[in-house]
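Open the model in a viewer and keep the selection panel at hand.

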Amino acid sequence: MAARFTLLTLALLVALLVFPASVNAAPSASSGGVWHLVRCGETLNSIAAVWEAKGKLEKALDMYEKCRSIQEKVLGPEHPDVAAGLLNLSCLNRALGQADDAEQACWRALRIAEASGEPELLWRIRDELAELWGHIAEQFAHDPGVAGFDLLNEPGYSFDQDSTLTGLA
């Protein structure tokens, strides 16, 4: 049986040859371990994109989760790259029909992007929220028990004692 060489095979070979160290190891500043782990996370993100393009969404989700985990460990939980990784997770969870997970990832990404002031990322996240709300609205469009869906139903926003909406900037 002849072996097939694909883009995924190439990405896996690069990951194994260039980044052989464990991603769970603590990064060492003297050995450049931080950048080693950042590159490893980027490779996992690329592999996830290939899996997603091939329609292997569960495998892609696993790779995106690993990438986000590395990003949070190396760059910190409030870094814009973490928000971009959460956006990837949100899009994929929406495609898998996991609206709750998609929404949770998207709201967290939005908070990070707003704090970091990344305008392009902010717009991409807001577009994903609109897509997600559209997806949820389609699911409940013919359900007579659901009267409406709006910002007031969203987590992260609440009324204070003066009955004014807080959390909207």
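Contact here means heavy atoms within 4.5 Å. The model is a predicted one.

**Stop 1: Ile125.** Select Ile125 and display its surroundings. Leaving aside residues up to four places away in sequence, Ile125 touches Ala83, Leu87, Cys106, Ala109, Leu110 and Ala113.

**Stop 2: the core.** Ile125 is also one of the residues with the most contacts inside the largest nonpolar core, together with Met63, Ala83, Leu86, Leu89, Leu110 and Leu121. This core has 29 residues. Colour the helices that give two or more residues to the core: helix 2 (33-53), helix 3 (57-75), helix 4, helix 5 (99-116) and helix 6 (119-139). In soluble globular proteins, nonpolar side chains tend to be buried together.

**Stop 3: helix 4 against helix 5.** Hide the rest and keep this pair. How do helix 4 and helix 5 run, roughly parallel or roughly antiparallel? Their axes come within 8 Å and cross at roughly 155 degrees. Angles over 145 degrees count as roughly antiparallel, so helix 4 and helix 5 are roughly antiparallel to each other. The crossing of helix 4 over helix 5 is left-handed. On the helix 4 side, select Pro80, Val82, Ala83, Leu86, Leu87, Leu89, Ser90, Asn93 and Arg94. On the helix 5 side, the contact is made by Asp101, Ala102, Ala105, Cys106, Arg108, Ala109, Ile112, Ala113 and Ser116. Sorted by class, this contact has 12 nonpolar, 3 polar and 3 charged residues.

**Stop 4: Asn93.** Stay on helix 4 (residues 80-95) and centre on Asn93, which lies in it. Is Asn93 buried or exposed? Asn93 has a relative accessible area of 5%; buried means under 20%, so Asn93 is buried. Beyond residues up to four places away in sequence, Asn93 touches Leu61, Gln98, Asp101 and Ala102.

**Stop 5: helix 4 against helix 6.** Helix 4 and helix 6 pack with their axes 10 Å apart, at an angle of about 20 degrees. That angle makes helix 4 roughly parallel to helix 6. Here too the crossing is left-handed, with helix 4 passing helix 6. Select Pro80, Ala83, Ala84, Leu87, Ser90, Cys91 and Arg94 in helix 4; they meet Leu121, Arg124, Ile125, Glu128, Glu131, Leu132 and His135 in helix 6. By class, this contact has 8 nonpolar, 2 polar and 4 charged residues.

Notes. Residues are numbered from 1 along each chain as its sequence is written. This is a predicted model: local features need pLDDT of at least 70, side-chain atom pairs count only at pLDDT 80 or more; totals for chains, interfaces and linings use all residues. Side-chain values use heavy atoms; hydrogens and water are left out. Helices (H or I, at least four residues) and strands (E, at least two) are DSSP runs, numbered from the N terminus. Buried means under 20% relative accessible area, exposed over 50%, partly exposed in between (1.4 Å probe, protein chains only). A nonpolar core is a set of buried Ala, Val, Leu, Ile, Met, Phe, Trp, Tyr and Cys residues joined through side-chain atoms within 4.5 Å. Axes are lines fitted to C-alpha atoms, for helices over the stretch in contact, and angles run from 0 to 180 degrees between N-to-C directions. Angles under 35 degrees count as roughly parallel, over 145 as roughly antiparallel, 65 to 115 as roughly perpendicular and the rest as oblique. A crossing is left-handed if the near helix is turned anticlockwise from the far one by less than a right angle, and right-handed if clockwise. Ala, Val, Leu, Ile, Met, Phe, Trp, Tyr, Cys and Pro count as nonpolar, Asp, Glu, Lys and Arg as charged, and the others, Gly among them, as polar.
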